[in-house]
Amino acid sequence: MNFLSRLYHYLNILSLDVVAGSLISALFFAELLQAHVYPHVLVALGLTVWIIYTIDHLRDARSIKVPASTDRHSFHQRHFKTISVLVVATLAIDAVIVFFLPGPVLRAGLALGIIVLLYLIFQRYLKFMKEIFVACLYTAGVLLPSFSTMSQTMSPVHYLVVAKFAITAQMNLLLFSLFDLKVDRNQQQHSFVTWFGERSTRYGIVFLALVNVCSGIWLWSTDPALAGIFISMNMVLVGI
C-alpha cells in the first residue's frame, strides 16, 4: 500500500473524508443560496460532524464483544481511550466556537443539536431507520449555515436541489450498508439491509436513482448550469 493509499485509508477510518465532504457541500449551498458563511461557522460544522460520526463509531466498536472484523471498528476498539480523549477535547473547542456563532446559526444549530443528541441516545432502537436518519441529519447539517443566513427566499428549484442532495446521501448510505452486510450480520449490527435484505435494498437504490434522474432532467430544463453543478456534487457524494 503506497503512501497516498495509506493516507486515505486512515482519513476514511477517522471519518475525515466525511468532514471534507460536509464542508464542500456547505460551501455549495452557500453559493446556491447566496449566503455568507463565516469561516468559524465552517470550522464548527466540521468539528461537529467529526464528533457525531466518531461517537457513533466508538459506540459501535464498544458494542462488539469480539475483535472487530472491519478496519474502522478494529481501529476504534484498539484506540478507544485515545479517540475518546480527542472527542472530549474537540467538544471543548467546539463549545468555545459556538459562543461566536451568529444568532440565527446558533439557534438553528442548537435545535439540530438536540435532534442529533436524541438520535445518538435512541439510535440502538432505530434499527433499519439508521441510514434514513443519518441522511436527513447530514443534509440538514450542511444546509444549516446557509439556510440560517441566506438573503433570499428559497424557490422550488432550491428545494428540489436539497431533496436531490438528500436522496444522493441516502443512496450512498444504502450502498455502504450493502458492502458491509456480511460484517454487520457477523457482528450483529443493525442496518436497513440486515432488516430488509439485499434485494429490497437494491430495488430501493434503483428507485431513488430513477427519482434523481427524472428530477435531474427537469432541473436541467429549468437551469442547465445548476444541473451541471449538481451532477458534480453527486459524484463527490457517491465518491465519499
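Tutor: Begin with a pair of helices: H7 and H8 cross in a right-handed manner. A crossing is right-handed if the near helix is turned clockwise from the far one by less than a right angle, and left-handed if anticlockwise. Helices here are DSSP runs of H or I with at least four residues, strands are runs of E with at least two, and both are numbered from the N terminus.

Student: What makes H7 and H8 oblique to each other?

Tutor: Their axes are 9 Å apart and the packing angle is about 140°. Angles under 35 degrees count as roughly parallel, over 145 as roughly antiparallel, 65 to 115 as roughly perpendicular and the rest as oblique. H7 and H8 are therefore oblique. The axes are lines fitted to C-alpha atoms over the stretch in contact, and angles run from 0 to 180 degrees between N-to-C directions.

Student: Which residues of H8 make the contact with H7?

Tutor: Among them are Val-162, Phe-165 and Leu-173, while the H7 side includes Glu-131 and Tyr-138. Contact means heavy atoms within 4.5 Å.

Student: How is H3 oriented relative to H7?

Tutor: The axes of H3 (residues 39-63) and H7 (residues 130-147) come within 9 Å and cross at roughly 165°. H3 is therefore called roughly antiparallel to H7. Val-41 and Leu-45 of H3 are among the residues that make this contact, as are Val-134 and Tyr-138 of H7.

Student: Why is Phe-100 called exposed?

Tutor: Because its relative accessibility is 59%. Buried means under 20% relative accessible area, exposed over 50%, and partly exposed in between, with a 1.4 Å probe and protein chains only. Phe-100 lies in the loop between H5 (80-98) and H6 (103-126). Its C-alpha atom is 8.7 Å from that of Val-41, 59 residues away along the chain.

Student: How do you know how far to trust the model?

Tutor: This is a predicted model, in which local features need pLDDT of at least 70 and side-chain atom pairs count only at pLDDT 80 or more, while totals for chains, interfaces and linings use all residues. Residues are numbered from 1 along each chain as its sequence is written, and side-chain values use heavy atoms, leaving out hydrogens and water. pLDDT is the predictor's confidence in each residue, from 0 to 100. The protein has a mean of 82, and 87% of its residues reach 70 or more. Confidence is lowest in H11 (residues 224-239), at a mean of 54, and highest in H5, at 94. Where pLDDT is low, predicted coordinates should not be read in detail.
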